[in-house]
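Please read the following report with the sequence and the model side by side.

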Amino acid sequence: MAGTTEDKPAADKEEKASSWKDAIYNSRTGELMGRTASSWGCILLFYLVFYLFLAGMFALTMWVMLLTLDDYVPKYSDRVPTPGLVIRPKSLDILINKNDPANYGEYVQHLENLLKNYNDTLQEKNELCPPGEYFDQDLKKEDAQENQGAEQPLGNEDVNARKACQFKRSVLGRCSGLSDNTFGYSDGKPCVLLKMNRIIGLKPRGDPYINCTSMTEAKIDFVYFPNGGSIDKMYFPYYGKKAHASYVQPLVAVKLLVNKEEYNTELTIECRIEGSNLRNNDVRDKFLGRVTFRVKVVE
């Protein structure tokens with residue numbers, strides 16, 4: 001009786017070990033984790049077919065959706081009816097030490113890089129457009145259908161390409177960097193460049209222009225280039241990056257006439273698009289049709 005009692009725990013342990021091994025692989029039935037090889041094969045085949053079907057449905061859906069898209073015009077653009085206003089150099093806090101070229105050198109380089117595409121020699125390749133008129137270049141429906149079926153002309157020119165109006169760097173006067181390569185930063189009267197974000201098909205009504213005001217007690221004067229800070233209609237509408245490859249956004253340069261009395265004072269300046277139907281007072285978006293920045297000149 002004693003021997004039988006002592007052998008019982010060992011037998012139980014052996015039985016549990018055998019049961020655990022059989023749960024993984026049963027050598028007697030050839031089952032792996034409770035299933036035979038044919039059963040696992042059927043399951044794997046089912047999931048292979050199932051996921052191939054899902055992948056095919058996804059690819060078909062994407063292909064059908066892409067057929068509805070136009071390479072030149074976005075399908076939906078009504079959610080951005082008014083452009084934002086951006087400033088260059090790309091900083092909302094401009095600190096200038098007029099006696100230290102290394103301090104304002106980064107700002108000057110930003111402006112120079114932007115204006116490379118506006119050099120007169122490059123812009124002379126674009127169209128000399130009549131001012132005050134939209135430069136509409138929409139193809140007629142019948143012309144578009146003919147172009148779609150026509151072969152590409154020699155030189156692989158795009159039949160959907162649009163021409164762009166000239167915007168020469170020289171129209172920015174004292175803020176062009178041509179007569180003063182520091183853009184006024186060396187004498188404490190810096191220039192900033194303002195431009196609207198591109199929106200395909202935008203045709204602002206009225207005569208848009210940029211107007212800046214000082215939001216602090218220290219008041220300063222502004223000089224605008226082109227005269228009056230105007231944004232001519234001939235630069236609208238925009239037809240997209242692919243169709244309008246040579247297009248450059250119209251710029252407005254603002255020279256800040258900071259006097260010595262305003263040195264070491266942080267000046268808050270707000271610039272808005274005025275004179276048109278473009279919104280500039282949306283409380284939810286402080287960059288919609290306007291931009292606010294700060295300038296401080298020290299010596």
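How far apart are the sulfur atoms of Cys 129 and Cys 165, which form a disulfide? They lie 2.0 Å apart, and a disulfide here is a pair of cysteine sulfur atoms within 2.5 Å.

## About the model

This is a predicted model, in which local features need pLDDT of at least 70 and side-chain atom pairs count only at pLDDT 80 or more, while totals for chains, interfaces and linings use all residues. Residues are numbered from 1 along each chain as its sequence is written, and side-chain values use heavy atoms, with hydrogens and water left out.

## The disulfides

Searching the whole structure gives three disulfides. In the pair of Cys 129 and Cys 165, the torsion about the S-S bond is about -95°, so this disulfide is left-handed. Cys 129 sits in the loop between helix H4 (120–123) and helix H5 (141–149), and Cys 165 in the loop between H5 and S5, so the bond ties together parts that are 36 residues apart in sequence; helices (H or I, at least four residues) and strands (E, at least two) are DSSP runs, numbered from the N terminus. Cys 129 counts as buried because its relative accessibility is 11%, and Cys 165 counts as buried at 4%, where buried means under 20% relative accessible area, exposed over 50%, and partly exposed in between (1.4 Å probe, protein chains only).

A further disulfide joins Cys 175 and Cys 191, with sulfur atoms 2.0 Å apart, and its S-S torsion of about -75° makes it left-handed. Cys 175 lies in the loop between H5 and S5 and Cys 191 in strand S5, so this pair ties together parts that are 16 residues apart in sequence. Cys 212 and Cys 271 form a disulfide as well, their sulfur atoms 2.0 Å apart, but here the torsion is about 105°, so the bond is right-handed. This pair links distant parts of the chain, with Cys 212 in strand S6 (residues 206–214) and Cys 271 in strand S9 (residues 267–276), 59 residues apart.

When the bonded cysteines are numbered in sequence order, the pairing reads 1-2, 3-4, 5-6. Cys 175 and Cys 191 are both buried, as are Cys 212 and Cys 271, whereas Cys 42 counts as exposed because its relative accessibility is 55%.

## A buried residue in a loop

Is Thr 82 buried or exposed? Thr 82 counts as buried, because its relative accessibility is 7%, and its place is the loop between helix H2 (37–67) and strand S3 (85–88). Leaving aside residues up to four places away in sequence, Thr 82 touches Ile 199, Leu 278, Arg 279 and Leu 288, a contact being heavy atoms within 4.5 Å.

## The cavities

The whole structure holds two cavities of 30 Å³ or more. On a 1 Å grid over the protein atoms alone, a cavity is a set of points where a 1.4 Å probe fits but cannot get out, and lining residues have an atom within 4 Å of a point. The largest cavity has a volume of about 120 Å³. Of the 16 residues that line the largest cavity, the closest to its centre are Met 196, Asn 197, Phe 236, Tyr 247 and Pro 250.

The second largest cavity holds about 40 Å³ of space, and its lining includes Cys 165, Phe 236 and Tyr 247.

Definitions and conventions:
1 Å grid on protein atoms, 1.4 Å probe; cavity = no way out; pocket = protein on both sides within 12 Å on 5 of 7 lines; lining within 4 Å. Points joined across faces, edges and corners; volume = space filled by probe spheres on them.
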